[in-house]
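The sequence and structure are shown first.

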Protein chains: 2
Amino acid sequence: MYVSVSRLRVHADRCDELIAAFQERARLVDSHAGFVDLQVWRSDRDPGEVLMVSRWSDRDAFTTYMKSHDHRLSHDRIRPSLKRAIALERLEHLHTYEVVAE
Amino acid sequence: MYVSVSRLRVHADRCDELIAAFQERARLVDSHAGFVDLQVWRSDRDPGEVLMVSRWSDRDAFTTYMKSHDHRLSHDRIRPSLKRAIALERLEHLHTYEVVAE
C-alpha cells in the first residue's frame, strides 16, 4: 500500500472553510483504479495544521491519478480565495510513504 | 475518529531493524477498546523517516491505552540499542489529529 500526505496550513479563521471544502469534495478520486481511501486530519494541538491523507494500492495508481483530468478538476473546484490562503505554505507539502507493517 | 502519528528518525543502516521490530510487534494494542488499526509508513524519499500511525474511535481510547500496562510492555520489548538509535530524534515526535472529513 502507498500513502500520500499533503500537509496544509491555513490561518485559524479559514480552517473551517477548508474542512467544509473537503466535506463537500466531488469524490472524483473514489472511482480511480487503486484508490483505497482518503481522510482529512486536523491537528488537535495546532488547529491550522490539516493533513489530507490518501491511500493507494501502489505508487503507480497514485501517480496515474495525479496526472489525470479528474485531479485537475478537483483542484479547480477550490474557491480561489481559499486556494490563496492555503498556497502560502505549500512548499515541500507533499510526503509519500510505503506501508511497511500493519 | 482520532489519529496518533509518531514520527521516528533512524540512520539508514538501522531502518530495516526498526521495520522488522514493527513487523514482529506483540499486537497487544489490537484488543484494546476503541483501537481501529495501526500502520507503519516509510518515506520513499527519505528512508530514515518512519511514521507509526494508529487510529482510534476517539481521543479517550487513545489516552487510556497510552497509560496502560500493555503500552509499557510493548515499549519494553524494543531492543535497547534500537531504542537508543530512535530516541535521538524523539523530541516533538507525537502528533495527534481528529478525522474531520472522509
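## Strand pairing in chain B

Two strands are taken to pair if DSSP finds at least two bridges between them.

E1(B) also pairs with strand E4 (residues 94–101) of chain B, in the antiparallel sense and over five bridges, and in this pairing Tyr2(B) stands opposite Glu98(B) of E4(B). Strands of a sheet pair through backbone hydrogen bonds, either parallel or antiparallel.

## Basis and confidence of the model

The model is predicted, and accordingly local features need pLDDT of at least 70 and side-chain atom pairs count only at pLDDT 80 or more, whereas totals for chains, interfaces and linings use all residues. Residues are numbered from 1 along each chain as its sequence is written, while chains are lettered from A and ligands numbered from 1 in the order in which they are written.

The model scores ipTM 0.85 and pTM 0.87. Chain A has a mean pLDDT (the predictor's confidence in each residue, from 0 to 100) of 87, with 94% of its residues reaching 70 or more. Among the elements of chain A, the lowest mean pLDDT, 78, belongs to helix H4 (residues 80–87) of chain A, and the highest, 95, to H2(A).

## A barrel built from both chains

Eight strands close into a barrel, with antiparallel pairing, in the order E1(A)-E3(A)-E2(A)-E4(B)-E1(B)-E3(B)-E2(B)-E4(A). Neighbouring strands of this sheet are turned by 35 degrees against each other on average, direction ignored; axes are lines fitted to C-alpha atoms, for helices over the stretch in contact, and angles run from 0 to 180 degrees between N-to-C directions. Helix H2 (residues 59–66) of chain A packs on the sheet, where H2(A) touches E1 (2–9), E2 and E3 (49–56) of chain A, and the direction of H2(A) makes about 45 degrees with that of E1(A). Helix H1 (residues 12–23) of chain B likewise packs on the sheet, touching E4 of chain A together with E1, E2 and E3 of chain B, and the direction of H1(B) makes about 55 degrees with that of E4(A).

Between the chains, four bridges join E4(A) to strand E2 (residues 35–43) of chain B, and these two strands run antiparallel. Within this pairing, Tyr97(A) has Ser43(B) of E2(B) as its bridge partner.

In total, 21 residues of chain A are in contact (C-beta atoms, placed from the backbone, within 7 Å) with 21 residues of chain B. On the side of chain A that touches chain B, the elements giving two or more residues are helix H1 (12–23), strand E2 (35–43) and strand E4 (94–101) of chain A, and the largest share, seven residues, comes from E4(A). By class, this side of chain A has 11 nonpolar, five polar and five charged residues, where Ala, Val, Leu, Ile, Met, Phe, Trp, Tyr, Cys and Pro count as nonpolar, Asp, Glu, Lys and Arg as charged, and the others, Gly among them, as polar.

The same surface serves both copies, since 100% of the contact residues of chain A recur in chain B.

## Individual residues

Ile86(B), found in helix H4 (residues 80–87) of chain B, is partly exposed, with 19 other C-beta atoms within 10 Å; a residue is buried if 20 or more other C-beta atoms, placed from the backbone, lie within 10 Å of its own, exposed if 12 or fewer, and partly exposed in between. Not counting residues up to four places away in sequence, Ile86(B) touches Leu8(B), Val10(B) and Leu18(B).

Arg27(A), which lies in the loop between H1 and E2 of chain A, has a positive phi of about 65 degrees although it is not a glycine, and with 10 C-beta neighbours inside 10 Å it counts as exposed.

Definitions and conventions
Contact = placed C-beta atoms within 7 Å.
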